[in-house]
Amino acid sequence: MFIVACLSAWPITMHRDGRPTAFKATIEECGGYAYYSLVVLMSALFSDAWTFWKHYTFHHPLVYAIHKDHHIYHNPSTFAGFAIHPVEAFFTFCPILAMCVPQLDLYLPLHLPFILSFYCLNLYLHCGYSIPAFERILGLFYINTSEWHNKHHEYRSSHFGEM
């Protein structure tokens, strides 16, 4: 949480100082609803690609020591989602710094639910339980489920992304 707070301090400070950040005041400044739907889709794809490659890299034998504490939970609990090395935490949360780039044109009322959904998904993936309705719904959208993520914690050889 310390790393998240440190990374979040930069865009928050920019906003408080009145300097431009990625967040705009209106949807029109972001290109309208149709264009912004595409932005959210591309954000989801980028976020999942970032998550996949970061996670895949931390499973490489040369750096797995950084990630291994996360995998002591074969049937993860919500604590497993937070059991990460500071180096891994930095690479997990450094996309927060994208909020400092004014050219991204993000609309907070529509983008915040997207960010929160990734956070909630991570909590669900590590909750240690399988909720049948969630498993069905997430599967329809090709989003990783708790059951599949549990297999990742058990076998450590697949299911590195969230979608």
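This is a predicted model: local features need pLDDT of at least 70, side-chain atom pairs count only at pLDDT 80 or more; totals for chains, interfaces and linings use all residues.

Reader: Good. What does the secondary structure of the chain come to?
Author: Seven helices and two strands. Along the sequence the pattern reads α-β-α-α-α-β-α-α-α. Helices (H or I, at least four residues) and strands (E, at least two) are DSSP runs, numbered from the N terminus.

Reader: And what's the radius of gyration of the chain?
Author: 17 Å, close to the 15 Å that the globule rule gives for 163 residues, so the chain is as compact as a globular protein of that length. The radius is taken over C-alpha atoms, and the rule is 2.2 Å times the number of residues to the power 0.38. Along the principal axes, the C-alpha atoms fill a box of roughly 45 × 35 × 25 Å.

Reader: How much of the chain counts as buried?
Author: 34% of the 163 residues. The accessible surface is about 10,200 Å², and 71% of that belongs to carbon and sulfur atoms. Those areas come from the Shrake-Rupley method with a 1.4 Å probe, and for residues only the protein chains shown count as cover.

Reader: On to electrostatics. How many salt bridges does the structure hold?
Author: Two. The term means a side-chain nitrogen of Lys or Arg within 4 Å of a carboxyl oxygen of Asp or Glu. In general, side chains of opposite charge can pair when their charged atoms come close.

Reader: Which side chain does K24 meet?
Author: That of D105, at 3.6 Å from N to O. The pair links distant parts of the chain, 81 residues apart: K24 is in strand β1 (residues 23-24), and D105 is in the loop between α4 (86-93) and β2 (106-107).

Reader: Is K24 buried or exposed?
Author: K24 counts as buried because its relative accessibility is 19%. D105 has 24%, so it is partly exposed.

Reader: What about the phi of D105?
Author: It's positive, about 50 degrees, although D105 is not a glycine. Y142 also isn't a glycine and has a positive phi, of about 60 degrees. That residue is in the loop between α6 (132-140) and α7, and Y142 is exposed because its relative accessible area is 70%.

Reader: Back to salt bridges, which side chain does R19 meet?
Author: D17, with 3.7 Å from N to O. R19 is partly exposed because its relative accessibility is 42%, and D17 is exposed because its value is 53%.

Reader: And the charge count for the whole chain, what is it?
Author: There are 8 positive and 11 negative side chains, and the centres of the two sets lie 5 Å apart. Lys and Arg count as positive, Asp and Glu as negative, with His and the chain ends not counted. Each charge is placed at NZ of Lys, CZ of Arg, CG of Asp or CD of Glu.

Reader: Where is G31?
Author: G31 is in the loop between β1 and α2. At 48% relative accessibility, G31 counts as partly exposed. Its C-alpha atom is separated by 8.3 Å from that of D105, 74 residues apart along the chain.

Reader: And G32, buried or exposed?
Author: Buried, because G32 has 19% relative accessibility. G32 is in helix α2 (residues 32-58), and its C-alpha atom is separated by 9.9 Å from that of Y107, 75 residues apart along the chain.

Reader: Changing topic, what is N150 in contact with?
Author: Leaving aside neighbours within four places in sequence, N150 is in contact with H74, N75, P76 and L125. Contact means heavy atoms within 4.5 Å. N150 is found in helix α7 (residues 146-155), and N150 counts as buried because its relative accessibility is 16%.

Reader: Last one: what share of contacts do residues 24 or more positions apart account for?
Author: 64% of the contacts in the chain with a separation of 6 or more.

Technical notes:
Residues are numbered from 1 along each chain as its sequence is written. Side-chain values use heavy atoms; hydrogens and water are left out. Buried means under 20% relative accessible area, exposed over 50%, partly exposed in between (1.4 Å probe, protein chains only).
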